[in-house]
Each structure stands twice: as structure tokens, then as C-alpha cells.
Amino acid sequence: QVQLVESGGGLVQPGGSLRLSCAASGSIFRILTMGWYRQAPGKQRELVAVITSGGTTNYADSVKGRFTVSRDNAKNTVYLQMNSLKPEDTAVFYCNGDVIAYGLGRGTYWGQGTQVTVSS
């Protein structure tokens, strides 16, 4: 099995910063793309940022210039550095991984989510 566990969410004032982490564990052969999605109350889940195993990144327009996604392939971990946070960034953030696992083949896995609240 494969598990993704997020950490680093919390309450922050507008203009502040947070860093999210997501560690993958289990019978992992290789992790392809890893990324972050978010879901605000009453809205659909949306892409925030993704990064390939080679380091190519893609961001939602709403976070470009403020968020940075990175990964440590040796630790099977992806990070999301969030700066200049706005109240509209408030959401549950989910980690996502495109994983090739021993005995299971290729699949998409999700973390349990971590709450980010931006408020004064």
C-alpha cells in the first residue's frame, strides 16, 4: 500500500507564510508527478501546483509568484511554500501523488488533507 501524509497547515494572518509537507510511504517503486490541490467550502477541488520527478512545475494562475512547489525525491516528500497568503487561500489542502508501487502498479493517491485558514 501507499500512504501520503500532509503536515504544516494552520491559521495565519493575511500576508503571512506557511509551508506544507507531504511524505509518501509504503511499497513505492517510483513517484512520478506529485502535487497539491485545495478545496474551499462550497467549491470544487482545484489544482494548486504540481511537480514532475524531473522538477518541472505548473501552478494555478491564482498562486503564481506566491507559492512554490518543490520535492525531495530521496525522501519521497513534496513541499508547498506559501507566501503572501490571502483570505481566499483558505481551504483544505490535499497532497496528490502519481505512484508506481510494487505489486500494485501505477495509481493515484491522496493525502487526508490539511486545513489552511487565512484570517486576521
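A search of the whole structure, which is a predicted model, finds 2 aromatic pairs. The rings of Phe29 and Tyr102 form one of them: their centres are 5.6 Å apart and their planes meet at 75 degrees, so the pair is edge-to-face, since angles over 60 degrees count as such. Phe29 belongs to strand E4 (residues 28-39), whereas Tyr102 is in the loop between strand E9 (91-101) and strand E10 (105-110), so this pair ties together parts that are 73 residues apart in sequence. Phe29 is exposed, with a relative accessible area of 51%. Tyr102 also counts as exposed, at 55% relative accessibility.

Tyr37 and Trp110 form another pair, with ring centres 5.1 Å apart and planes at 65 degrees, so this pair is edge-to-face. Tyr37 lies in strand E4 and Trp110 in strand E10; the pair links distant parts of the chain, 73 residues apart. Tyr37 is partly exposed, with a relative accessible area of 22%. Trp110 counts as partly exposed too, at 38% relative accessibility.

| Pair | Distance between centres | Angle between planes |
|---|---|---|
| Phe29 and Tyr102 | 5.6 Å | 75 degrees |
| Tyr37 and Trp110 | 5.1 Å | 65 degrees |

Trp110 also has a charged neighbour. Arg45 lies over the face of Trp110, at 4.7 Å from the ring centre. The charged end of Arg45 also sits over the ring of Tyr94, 3.7 Å from the centre of that ring. Trp110 therefore takes part in an edge-to-face pair with Tyr37 and has Arg45 over its face.

Technical notes
Residues numbered from 1 in each chain as written. Predicted model: local features only at pLDDT ≥ 70, side-chain atom pairs only at ≥ 80, totals over all residues. Heavy atoms only, no water. Phe/Tyr/Trp six-rings, centres within 6.5 Å; stacked < 30°, edge-to-face > 60°. Helix = DSSP H or I, 4+ residues; strand = E, 2+ residues; numbered from the N terminus. Buried < 20%, exposed > 50% of the residue type's maximum accessible area, 1.4 Å probe, protein only. Lys NZ or Arg CZ within 6 Å of the ring centre and 35° of its normal.
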